Amino acid sequence: MTTTTASAQPGERTVGKSSPGTARGPRRRPGRIRRIGLPYLLLLPALLLELLVHLVPMVIGIVMSFKELTQFYIRDWTTAPWTGLDNFTMSVDFDAPVGEALLHSFLVTCAFTILSVGLCWLIGTAAAICMQDAFRGRGLLRAIFLVPYALPVYAAVITWAFMFQHDNGLVNHVLHDQLGLTDKPSFWLIGDNSFVALLVVSVWKGWPFAFLIVMAGLQNIPKELYEAAALDGAGVWQQIRRITLPSLRPVNQVLVLVLFLWTFNDFNTPFVLFGKAAPEAADLISIHIYQSSFVTWNFGAGSAMSVLLLLFLLLVTGVYLFVTSRTARAPRNPQERKTADV
Amino acid sequence: MAAPRSFTWTRRVFLTLLTGFVLLPVYVMVSSSLKPLEDVSSQFHWLPSNLTIRPYIDIWSTVPLAKYFLNSLIVAGAATVCSVVIAVFAAYAVSRYEFRGKRVFSVTVLSTQMFPGILFLLPLFLIYVNIGNATGIALFGSRGGLILTYLTFSLPFSIWMLIGYFDSVPRDLDEAALVDGCGPLRALFKVVVPAAIPGIVAVAVYAFMTAWGEVLFASVMTNDATRTLAVGLQGYSTQNDVYWNQIMAASLVVSVPVVAGFLLLQRYLVAGLTAGAVK
């Protein structure tokens, strides 16, 4: 989605510019051609840095996944013996402990991501729609809603960790002491409840981004659409269903993908909430791989798991982009849809 | 448009609940930071019975918070400046020029967004150590290495957003500058950059927050001298005691600059997102 946004627009513009009716065309400026090297020069710093910090390490990571890279070889990783696909077969052998744990962690991450992205989207969209019309205190409320987004992750998550404490936390105080909902204070940061705790923190921290993007998207919906719909007798709920939500579709396609990738790869939240070893019920994949690499010192296996993770993300993103770009070919302009509806 | 009652009431209830949810941790942070250690270690109470500002004094001596603060400021500040400058150049090239490999560049840069950080943590660590051994440039454990790493984290999103923003600046403006004899770089800085200030501010805010909040690389790639706040705050829990009141006070202190800055500049961020990301 993102890539098409970036490249499609300049393409469209070129078509428009070189059409005979346009006065200024690239062809009329020969100096342009002589400066052909300039775009590359401008891109060079970005390219070099992405190469050094992302692409080269990624290639090395893939190479490492084929090696038996334990603590004995970490001083000079190139001397580690090749093991072929051993790391991979070990990772996907779901009957053995390593593979079983990885599969479990993967499933936990999937469930967590679906719930978190869904809730973030839902809350963010609802809040943005509620704030579409001007009312007193809207500016203040918007500022408040952006606080979770602005707070540094570790400060926010550490506060949640404090609230989830067994003996001195707010959550148990409210649920047990004040409301009497539980027989005895629960543990939130270990055991099965940790999944809930992680989800709450993740949604708290993530929904303002959805809010921000949807709010920006709402500004692009022409007011006339609502006015016309109101004239036709459509109520607020109908307007939301027939105009707002369909118009937001292109925005949502980007938003959901970005939220998915961020949530699936999130390391900071579980790491600050639980520390180096997450409880089994909240064992997100990035923590699991960190644990496999840095705590048990098997970097080859950790790399193999990372590569598998990357392949999965590529696959999901590819399918997602394919599906959304196909549905995007259906009439997307709200104006067209509106006339079709009315 | 007169909204029906059902809508106004749903809205009122929903927004109230949401405000409570959002502000709950903020309240806990503020109120607990004003309690003595005995109070935060025992049962939670909504209202502090013994108010004290002691935690705000102690945080600076329990751990070298000022040093961590300075490190975070240097790292996040430098990463932001570098990231914005580099993104401006790259986005200008993509927005204003047709060239071979443009699509490949966009795809490559943007796809780095999907890499799990854990995938290149160890290789990057090895690369930095090797560069250090070969050239004597200390990247591992230094602020420089962290700056280099962080600026690439925000770069793809920044480039993507600035391309959208630059596209929305009418081409006629900088083409007129080119006709007037400006070089392309002068046209960029005299015309395009000033017109795209909201987008650039938005990108800078994003880059700063990314760097200020990063935990994984900060915990692996720093040492005693270069530790940032993300790691430093862990120092308030010792084997015997967890100084929750100091943790809350320190969290508040490290949050105030970013939250204040963000709220001041949030208009730009919304404007930047409208023009850049949402199209």
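Biologist: Let's begin with one residue. Is B:Ser33 buried or exposed?
Modeller: Keep in mind that the model is predicted. B:Ser33 has 0% relative accessibility. The cut-off for buried is under 20%, so B:Ser33 counts as buried.
Biologist: Where does B:Ser33 lie in chain B?
Modeller: In a loop of chain B, with helix H1 (5–32) on one side and helix H2 (37–41) on the other.
Biologist: And which residues does B:Ser33 touch?
Modeller: Leaving out residues up to four places away in sequence, the list is B:Val28, B:Thr52, B:Pro55, B:Tyr56, B:Asn245, B:Met248, B:Ala249 and B:Leu252.
Biologist: Switching to chain A. Which residues are buried in helix H9?
Modeller: H9 of chain A covers residues 170–178. Buried there are A:Leu170, A:Val171, A:Asn172 and A:His173.
Biologist: What do the buried residues of H9(A) pack against?
Modeller: Two helices. One is H8 (153–163) of chain A, and the other is H1 of chain B.
Biologist: What follows H9(A)?
Modeller: A:Gly180, with a positive phi near 65 degrees.
Biologist: Zooming out, how many helices and strands does chain A have?
Modeller: 17 helices and zero strands.
Biologist: How much of chain A is buried?
Modeller: Of its 342 residues, 52% are buried. The chain exposes about 15900 Å², and 65% of that comes from carbon and sulfur atoms.

Definitions and conventions: Residues numbered from 1 in each chain as written. Chains lettered and ligands numbered in written order. Predicted model: local features only at pLDDT ≥ 70, side-chain atom pairs only at ≥ 80, totals over all residues. Heavy atoms only, no water. Helix = DSSP H or I, 4+ residues; strand = E, 2+ residues; numbered from the N terminus. Buried < 20%, exposed > 50% of the residue type's maximum accessible area, 1.4 Å probe, protein only. Areas by Shrake-Rupley, 256 points an atom, 1.4 Å probe, with all protein chains shown as cover. Contact = heavy atoms within 4.5 Å.
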